[in-house]
Amino acid sequence: MPPARESDEALVGELRRLTGDARQQAIDELFARHYTRVARWCFRLTGDRDAAADLAQDVFLKAHRHFDSFQGQARFSTWLYAIVRNEAFGWRRRAATTPAVDADDALVDVPTPEAGPEDEALADSRRKRLETFLADTLDDRERTVFTLHYASEMSLDAITRLLRLENPSGAKAFIVSAKRKIARAAGRVLAKGERW
Amino acid sequence: MSPDGQEKLTQWRQAIDATPDCVAIERLLGDLTPAEEAHVDHCARCQAERALALEFEQSVPGADEADVQAVAAELQRRIAAARTTAMSRPSRSLSPWLQLAAGVVFAAGLAYLVWDREPTIGKTDSDVYRSNTVSVVGPVGDLAGPPARFEWTLVSGAARYRIDVREVDSTPVWSATTADVSVAAPPAVLQMLVPGKALVWDITALDANGAVVAHSAEQRFRITGGSPLKRK
């Protein structure tokens, strides 16, 4: 039976004692352990092999360049994920030719709390009311899909792939359901003359 | 989209956007304090980020496995090719990463590293993961329209970021803190933006104790198009 592979963190500790080519080879081994993981996430974000390979390459270039900043305060994979996420969102901004959210998105027809004077305390209060409203109205999956689409401006196809949604219509079904629930709940609140 | 529709979408986005209480990405899958757990339980943004992080960590194969393996194979091929090139050239290091970074093998794939998408007024090339510098994404320079968001890159060890927006004479306009690497441009900033008027901003990265981890250079931007909000 082959010996158990040492953990990433143990390998990092070991390579910090190395220099030159030995250190470089240890870094290569560490990174190679995560090629498939990074490739998988990048492909699910981009939906395209070439774009995913470019993005994954950029991730590892950044990781190599900044490897010395990894102090071991988190798992290596977590540190690597922070780079993946950052590079991925940068890629999405550069690659997007059309907005992820349609101009005729039905969400714009759902009433929101009245806009008041630009007082930060009031704006924060309004934000919290909306946040609570969404938490009370949507289930966890709906709220996650809703957030990734409307706040992170991720496409529905990318969300479907990244979250491995296997239902028919994928993320779109959750968005449709979320908007229907929001519209209904908002209507009830307003019909009672209540504030959100 | 109509301005009213955009305003509504902005309100919804602000309800699910990052707040100063949000947990840093690097911590979401770790051991959280009770206060952090309570926050994540209620926060749409943290839950969404955690879902993405979990998918990365678990990395479950799926129906797309053939595509994934093809991408991984391409990545390995590029690195192997860079290593072969490195070995054939006099070099102090056999690092394939240096060869890739030098653009020996795939210049096209690296184009974005040198591609400056925006005018360089105030732009910095500060290295994002260096221990004392925050690199910003935008807004920087002359913009055709108002920016939707302020964005910067993640700093290892930072729990949150403080953004300060000022007029060019240093008069404060707006300040906020967030655990995310971007924040929506608020009305307080948007209403200042008339064509030709510049604003400056910078980012301070803070650790969990509030100590400064890194700081960005001051960035300047202005819009050259119409004003986003009518002055009241």
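Is C46(B) buried or exposed? At 0% relative accessibility, C46(B) counts as buried, where buried means under 20% relative accessible area, exposed means over 50%, and partly exposed lies in between, using a 1.4 Å probe and protein chains only.

Hi everyone, a word on conventions before we go on. This is a predicted model, so local features need pLDDT of at least 70 and side-chain atom pairs count only at pLDDT 80 or more, while totals for chains, interfaces and linings use all residues. Residues are numbered from 1 along each chain as its sequence is written, chains are lettered from A and ligands numbered from 1 in the order in which they are written, and side-chain values use heavy atoms, with hydrogens and water left out.

Let's stay with that cysteine. The closest cysteine sulfur to the one in C46(B) belongs to C43(B), 3.8 Å away, which is too far for a bond. A disulfide here is a pair of cysteine sulfur atoms within 2.5 Å, and a search of the whole structure finds 0 of them over all chains. Over in chain A, C42(A) is buried as well, with a relative accessible area of 0%.

C46(B) is one of the buried residues of helix α3(B). Helices are DSSP runs of H or I with at least four residues, strands are runs of E with at least two, and both are numbered from the N terminus. Helix α3 of chain B covers residues 44-58, and its 15 residues reach 21 Å from first C-alpha to last, close to the 21 Å expected at 1.5 Å a residue; that expected span is 1.5 Å times one less than the number of residues. How many residues of α3(B) are buried? The count is 12 of 15, so to speak a mostly covered helix.

On to charges. Side chains of opposite charge can pair when their charged atoms come close. A salt bridge is a side-chain nitrogen of Lys or Arg within 4 Å of a carboxyl oxygen of Asp or Glu, and the structure holds 22 of them over all chains. Take R33(A) and D8(A), whose closest N and O atoms are 2.8 Å apart. R33(A) sits in the loop between α2 (20-32) and α3 (35-46) of chain A and D8(A) in helix α1 (residues 8-15), so the pair ties together parts 25 residues apart in sequence. Both ends are covered: R33(A) is buried at 15%, and D8(A) is buried at 11%.

R143(A) pairs with D140(A), at 4.0 Å between the closest N and O atoms. These two are 3 residues apart in helix α7 (residues 140-150) of chain A, about one helical turn. R143(A) is buried at 3% relative accessibility, whereas D140(A) is exposed at 52%. Which residues does R143(A) touch beyond its neighbours within four places in sequence? Its contacts, meaning heavy atoms within 4.5 Å, include L134(A) and L138(A) in its own chain, and D41(B), C43(B) and Q47(B) in chain B.

In chain B, R27(B) bridges to E36(B) with a closest N to O separation of 2.6 Å, and R27(B) is partly exposed at 33%. Shared partners also join D54(A), E74(B), R77(B) and R78(B) into one salt-bridge network.

Next, the nonpolar side. A nonpolar core is a set of buried Ala, Val, Leu, Ile, Met, Phe, Trp, Tyr and Cys residues joined through side-chain atoms within 4.5 Å. The largest one has 112 residues, and F31(A), F150(B), W152(B) and I163(B) touch the most other members. Helix α5 (residues 76-95) of chain A gives the largest share, 9 residues.

Last, some backbone angles. Most residues other than glycine have a negative phi. R164(A) has a positive phi of about 55°, and S169(A) has one of about 75°. R164(A) is in the loop between α8 (156-162) and α9 (171-191) of chain A, and S169(A) is in the loop between α8 and α9 too. R164(A) is partly exposed at 30%, while S169(A) counts as exposed at 56%.
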